[in-house]
Amino acid sequence: MSTGNNGRVSNPREQWQQAFEESRLRGDGFQTMSGIPLEPVYGPADGEFPGVYPYTRGPYASMYRSKLWTMRMFAGFGTALDTNLRFKEIIKAGGDGLSTAFDMPTLLGLDSDDPMALGEVGRCGVAIDTLADMRDLFADIDLGNITTSMTINSPAAVLLAMFVAQAETAGVPRARLGGTLQNDILKEYQAQKEFVFPPRQSMRLVRDTVAFTANEMPRWHSISISGYHIREAGSTAAEELAFTLGNGFAYVELARQAGLPVDSFAPRLSFFFNAHIDFFEEIAKYRAARRIWARWMKERYGATNERSMQLRFHTQTAGVSLTAQQPEVNLIRTAIEALAGVLGGTQSLHTNSMDEALALPTEKAARLALRTQQVIAYETNVAHVADPLGGSHFVEALTDEMERRAEEIFARIDEMGRGSMLEGCITGIEENWFQGRIADSAYELERAFNRGERTIVGVNRFLEGNEEDNLDILKITNEDERKQRERLSGVKSERNEPAVVDALDRLAKDAVDPEVNLMPALIDASLAYATVGELMNTMAGVFGRHVEVPTI
Amino acid sequence: MAALRVLVAKVGLDGHDRGVKVVARLLRDAGIEVIYTGLFQTPETVAAAAVDEDVDVIGLSMLSGAHMTLAPLVVQAVRARGADIPVVLGGIVPNQDVEELHAAGIAAVLGPGAPADEVVRTITTAARGERRHQGV
């Protein structure tokens, strides 16, 4: 309990009431379809409330009454020009945030003409080699007026540098840029496996981006701490929760070691969780995540700004829950998963398209996925009341159980790091501890499926209709790869070569000194049209490269 | 009869290793000897490892969409070494691609959701040199 305005101790409901009254609302007269007026939140005066520590019920007092979640649809394929058209389509269809998917070579810091990039250019996302591609990608889009999320990790600092260079060339100062860099390298070693440098060197780059954005880009979210990929790789819900928050604590310790006060950067950290098909378990996971984060930030890391304690998150429905069989059924799975994200209080949401177990989505499938969110947002009225499942005996018990299981895992990580979550996460990666647990959980789930204990509609039961599968799918040809290679060789032939050499030399020098922040050197080199591959190779020359020991 | 030996491999830049690891364990539980290459292999390194290890089948796991480019290159690299080790492909592979993959020498394709017994059967059949048309 804390002290209210007049000096007396106020109960959680009064604290909530005060915060709610200070919130700007998007409307009034929230009611059911048949006209029953609805309170913004329900619950006993001494219970938990949204916008009140420990924020189990939501980071904000007014939740969706102030602002619905951002319908942020992830897109990217082919060349930057192709993706630019898709972005404009998303904006026209009512999406209000852009989310950029990069192709595999870009994610691994390779140029489109690298021999290892063969067959992968522009396939799973957009190919970015130089500032010229960044310019094409955001042509005719006002970066000062839309938020942009970039799903990039190993080369995150490089892509952020190119993004800043592009925005400033187009006249938007870096301080006005809003968006998110995924930049969560720890989960790459644990789950997604798109790593380049060894863990400690990668963490230096994370530190540089966190410090740079804390000082110069006040609207930017420097890390999106991601459980999504941990879950997709096969973890349980509790492991997703614990590994993700554990990584979050590691980044907090990293930034504190670099001399940043916790409240200077923690308000800009955000999270990214999976919405899998087990409806209530997912909702309990989000609620437990908020409560744990608030408590650890306050008690262990000494945060005093409430924004440092309020966990905000993006949600994506579970790619692994999609089936290639009877793909239209994926619309239903995705709708249920999306609803879990909304009832769990997500700040933004990506809904997968029904054809994604087959290929990247067609425009129609992507539009249907967005429509799913619009039905939830505008037809169902579920956003009228904050944390509508709070107080359910079942959901509260499941929330407590998720928290308990996560705490057990934190204790193990802390032990591996001898009292440091940062060291525990790095040690756990180096010893394959996280990777092994994820693989074990994935195998358990597969065995349950093979024993028939887990039903997947259209896959092991209810197969009628499987033979009718004939969805139109998006075809990406190697034509894009050829075009992108030509584009790159054109840019290289027109740039000022000595300026590139100078910029890379400076980057190498800066990289040698661990105290130097690499962002200024990366921005200057981007402006000289150095390629992603050149920048990454220059750093790898200093940092070395990570090789994973293959284990089954 | 000696146990079958299978090399399971990830070619190219695709880091999705959930499937390959699950399949490796399924095969091992079925009494098959499994060797895993690790991530980021090239068609040449896979072919070389398969020949060196004298495996009966190569299992490729591909989820990034590069299978039409990379899977045939693995077949070619194996044949260039004078070997005839069957290559089975699993992952995100649309039905439309299956025919062309067979024409390029891929012995069988396993789509998403294939149960354990089908995976084992497909690998065993491929080892016996019988082509199986297995769609998604």
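Analyst: The side chains of D14(B) and K10(B) join in a salt bridge, with 2.9 Å from N to O; the term denotes a side-chain nitrogen of Lys or Arg within 4 Å of a carboxyl oxygen of Asp or Glu. D14(B) is buried, its relative accessible area being 1%, and K10(B) is buried as well, at 0%. Here buried stands for under 20% relative accessible area, exposed for over 50%, and partly exposed for what lies in between (1.4 Å probe, protein chains only).

The model is predicted: local features need pLDDT of at least 70, side-chain atom pairs count only at pLDDT 80 or more, and totals for chains, interfaces and linings use all residues. Residues are numbered from 1 along each chain as its sequence is written, chains are lettered from A and ligands numbered from 1 in the order in which they are written, and side-chain values use heavy atoms, without hydrogens and water.

In chain A, E444(A) and R447(A) form a salt bridge of 3.7 Å, N to O. These two residues stand three apart in helix α17 (residues 433–450) of chain A, so about one helical turn separates them; helices are DSSP runs of H or I with at least four residues, numbered from the N terminus. E444(A) is partly exposed at 42%, and R447(A) is partly exposed at 32%.

E168(A) pairs with R174(A) in a salt bridge of 2.9 Å, N to O, and E168(A) is partly exposed, with a relative accessible area of 32%.

A network of salt bridges links E48(A), R291(A), R295(A), D400(A), E403(A) and E407(A). Over all chains, the count comes to 46 salt bridges.
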